[in-house]
Amino acid sequence: MYKKSVILIPPVDIFCFLLLTLMLISFDADSSEGFSTDEFKFSVEGKSLSGLISRPTDIEASSIVIIIHGYGRTNVVSGNWYQGLRSRLTSQGISVFVWDKPGCGKSEGEFDINQPVESSADEVVSAIYALRKKKEAGSEQIGLWGTSRAGWIAPLAIKQEPGVKFWISISGTDGFENWGYLLRSNLELAGHSQSEIDVLHKGWVDGNRIFSSGGGYEDYTAATNNFWSNELVQKLTGREYIEHLRGSKEYVQARD
């Protein structure tokens, strides 16, 4: 067992944190943000990975939070990802470091949608070593923050580098599927009735079953129509729902 601080954010705060991570505001180094940001590069297996480090402007950072991505491509530097979260943490005297995956943004290498979690953990450990080598303020107190897939990556990184002081897991993946709990909890908080929640949850379950078992696209869209058209679901997933006309070019592309 790791003697670390693992903070499991309650459902209300999960929703707020997820919304914060979707706030991709254009980068502006203006001090009115309350923090300063510089590009920061480090190497992993001969590849240069490019990211951003945000620091408090009024005090020296007491610690550093490393953000670990979930699934998919990234666009950290040019997209100014996690601006809201970086602003919040730096206001508490905490620096924040986040980088683009290999083959994304300015990072070298090729993007691999199926990158092993062990490889991602190696990136985290290399980032920790780079911050310490540069003697970045707060590098003696480094912690991890991550969503979804980071639930697998963070423990592997901690195992390699036990000097990690804390881990904040936001709906992190574990041995069980917990997104259903996230969905039901936030639907209830948003005022949906129990019957509405059951219908939406069933759409999510049926969609996963059809998708994972190789079912047909028509069956999948029919089962998930209510789920994907729900406004809160779209906010939680960051996906806009568009129902394409059957037989149209867009329909064929989505099906393929």
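Let me begin with Ser 148, which is partly exposed, since its relative accessible area is 32%. Keep in mind that this is a predicted model. Where does Ser 148 sit? It is in the loop between β6 and α5, and α5 covers residues 150-160. The backbone at Ser 148 has a phi near 50°, a positive value in a residue other than glycine.

There is another residue of this kind to point out. Lys 135 has a positive phi of about 60°, although Lys 135 is not a glycine. Lys 135 lies in the loop between α4 and β6, with β6 spanning 142-147. Is Lys 135 buried or exposed? At a relative accessible area of 72%, Lys 135 is exposed.

Now to the charged pairs. How many salt bridges does the structure hold? The count is nine. I will show three of them.

Please find Arg 55 and Asp 38. They form a salt bridge, and their closest N and O atoms are 2.7 Å apart. Arg 55 belongs to strand β3, residues 47-56, and Asp 38 to strand β2, residues 35-44, so this pair ties together parts that are 17 residues apart in sequence. As for accessibility, Arg 55 is buried at 18% relative accessible area, whereas Asp 38 is partly exposed at 40%. These two residues are also part of a network of salt bridges: Asp 38, Arg 55 and Glu 136 are linked in it.

Next is Glu 39. Its side chain meets that of Lys 106 in a salt bridge, at 2.9 Å from N to O. This pair links distant parts of the chain, with Glu 39 in strand β2 and Lys 106 in the loop between β5 and α4, 67 residues apart. Glu 39 counts as partly exposed, with 40% relative accessibility.

The last pair is within a helix. The side chains of Asp 206 and Arg 209 meet in a salt bridge, with 3.6 Å from N to O. What separates Asp 206 and Arg 209 in helix α7? They are three residues apart in that helix, which runs over residues 194-212, so about one helical turn lies between them. Asp 206 counts as buried, at 15% relative accessibility. Arg 209, in turn, is partly exposed, with a relative accessible area of 47%.

That is the end of my list. I can go back to any of these residues on the screen.

Conventions
Residues are numbered from 1 along each chain as its sequence is written. This is a predicted model: local features need pLDDT of at least 70, side-chain atom pairs count only at pLDDT 80 or more; totals for chains, interfaces and linings use all residues. Side-chain values use heavy atoms; hydrogens and water are left out. A salt bridge is a side-chain nitrogen of Lys or Arg within 4 Å of a carboxyl oxygen of Asp or Glu. Helices (H or I, at least four residues) and strands (E, at least two) are DSSP runs, numbered from the N terminus. Buried means under 20% relative accessible area, exposed over 50%, partly exposed in between (1.4 Å probe, protein chains only).
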